[in-house]
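Subject: Structure for your review

Dear colleague,

Please find below the structure that I am handing over to you.

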Amino acid sequence: MPIKEQPKPPRSRIIGNILLLVSGLFLLANIVLPIFFGPQIPQVPYSLFIHQVQEGEVSRVSVGQEQIRYQLKPEAEQPNQVLATTPIFDLELPKLLEAKGVEFAAAPPAKNGWFTSLLGWVIPPLIFVAIWQFFINRGAGGQQGVLSIGKSRAKVYVEGDANKVTFADVAGVEEAKLELVEIVDFLKEPKRFTQIGARIPKGVLLVGPPGTGKTLLAKAVAGEAGVPFFSISGSEFVELFVGVGSSRVRDLFEQAKKQAPCIIFIDELDAIGKSRASGGFYGGNDEREQTLNQLLTEMDGFAAGDKTVIVLAATNRPESLDPALLRPGRFDRQVLVDRPDLSGRLAILEIHAKEVRLGKDVDLKAIATRTPGFAGADLANLVNEAALLAARNQRQDVSQADFAEAIERVVAGLEKKSRVLNEKEKKIVAYHEVGHALVGAVIPGSNKVEKISIVPRGMAALGYTLQLPTEDRFLLSETELRGQIATMLGGRSAEEVVFGSITTGASNDLQRATDLAERMVTTYGMSKVLGPLAYQQGQQNMFLGGEAPNPRRMVSAQTAEAIDKEVKAIVEEAHQHALDILNQNRDLLESISTKLLETEVIEGPELHDLLAQVKPVPSPTMAQV
Ligand code: ADP
Ligand code: MG
Ligand code: ZN
């Protein structure tokens, strides 16, 4: 752990300090002296002033920007006395004064004294010197600047905040909550832990995908702990100038230690905690490295003594963090804040549904079932979308249909009624979507087809087939993956079967199918030829769902060729399977497509009945075995 020795103050810094002193003297001369030698007017609180006005004791008022001076009436307790008060922003004041018949006027702005004009000449060069000094100090390591740029910008939460968050506002992340409740307990009664010699973790890292409630959990800790809570985002440490971040870290910890016991929360830790090894070769990132070093030093620093400062941090990119941060004694406790499961989603929906008026038909359980993979933030957004829809349609409460539409919006994007297709295109899109639906209907383990629509939606889709899961899945078998690929190719296959030609509409389907096939071969080891080896580089970001494959590991030309062959074989097979299913069910393909062209949307029980008639066809792979 390189701890930088404090360098001797450079000459520029001494000059800077002298200039600072000089300007301080000017300020003193300009502001402080007049107070001592100017006329002495007693200062009273604003409330007293208002009271005196209301009592009718005030005769004249002169309202200035920094001061209100007023004179009492001769018949008041202290006749003709002149008093002053500091104004607050109060638009009602003139009305009040007028109502009470008080004579009032605005005070003329103070005349610029020669000091002020002199200051106008002195301060700009001072600022210039200060900035210049910063450039001189680049790389000198966290000098406290002349300006307060090196001060931490942490927000301090205090107890008794009106809209404070508690653990009751967070759901679906029970393990993380347990862990944090323990920390709150420790801060409230440390004796219980220290008596038996237990040491509370110094740093707790909340790790999880975006929107799962990490920031919310930290706020809940702040709300529950009853100790000062310093909150800052990692990116707030990072500035243009080298050395600012590290001095902000130092300042933050200094402030925190003064207020111990307390909690420091660093959100988006990865902004400063990126692995130093991955800095890249164009000069690395000096600033981030110094900030990180300072953080490490500070976390080691407050080990001694009984000052309790607990550092909470959150990140959604744990794999990019510097290993030094994760060492015992620093963020030794890592708490996974994962996407919620079914019961978690239900609990989160219940929390957010409290804020909207629900109709009688709303079944939150059903909504939770249809939203696997949704994080807490998605669910909060979903409830809001549904409420917006209800409001737009002038309804009094939110219905189940609003939720269904909201889910569709989140999954497929907004409807685009303005995108008008011509008859030919519409026909192609209809067959394409029905193709997806027919294949999806008979594929084992595939999600249930809920809706087919040829109303354009979202960024690219001309039509879409909405498949919603019926349960949470954590593992998928090879057969299911092959089935998914076949479903993705169902659209294009339908175009081939019906029109004998293909359009550009299937490019996204092909992309996803190929990606999935590649992952089967290179990540999941599902190819007999290539065996159970990982052909991809490094760790995947565990939270991005791993949609696209990582770059390949260095492989020999033969292996690369073999991979390509296997990927192609998988996709081709799935394609053949889709074609077989569609040829087998050609009549159904025609009748459903014709119907879809008339109605534009088919969904619900009607669709289920139609799709129940699809005859399954064994896949080519199964036939081989
Ligand atoms: P993160 O910091 O993990 O990216 P946030 O804590 O900022 O996510 O979550 C954003 C919003 O989503 C929260 O303010 C809250 O309204 C909602 N939310 C997220 N997770 C949960 C949860 N577990 N329980 C309740 N609400 C949640
Ligand atoms: Mg966050
Ligand atoms: Zn498609």
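This is a predicted model: local features need pLDDT of at least 70, side-chain atom pairs count only at pLDDT 80 or more; totals for chains, interfaces and linings use all residues.

**Salt bridges in the model**

Lys95, by contrast, is exposed, at 55% relative accessibility. The side chains of these two residues, Glu92 and Lys95, form a salt bridge, with an N to O distance of 3.8 Å. In total, the structure contains 15 salt bridges.

A further salt bridge brings together the side chains of Arg192 and Glu189, at 3.2 Å from N to O. Arg192 is partly exposed, with 44% relative accessibility, and Glu189 is likewise partly exposed, its relative accessible area being 39%.

I would also draw your attention to Arg370 and Glu450, which are joined by a salt bridge whose closest N and O atoms lie 3.1 Å apart. Arg370 is located in the loop between helix H13 (364-369) and helix H14 (376-392), while Glu450 belongs to strand S11 (residues 448-453), so this pair ties together parts that are 80 residues apart in sequence.

Finally, Glu385, Glu405 and Arg409 are linked into one network by salt bridges that share partners.

With kind regards

Definitions and conventions. Residues are numbered from 1 along each chain as its sequence is written. Chains are lettered from A and ligands numbered from 1 in the order in which they are written. Side-chain values use heavy atoms; hydrogens and water are left out. A salt bridge is a side-chain nitrogen of Lys or Arg within 4 Å of a carboxyl oxygen of Asp or Glu. Buried means under 20% relative accessible area, exposed over 50%, partly exposed in between (1.4 Å probe, protein chains only). Helices (H or I, at least four residues) and strands (E, at least two) are DSSP runs, numbered from the N terminus.
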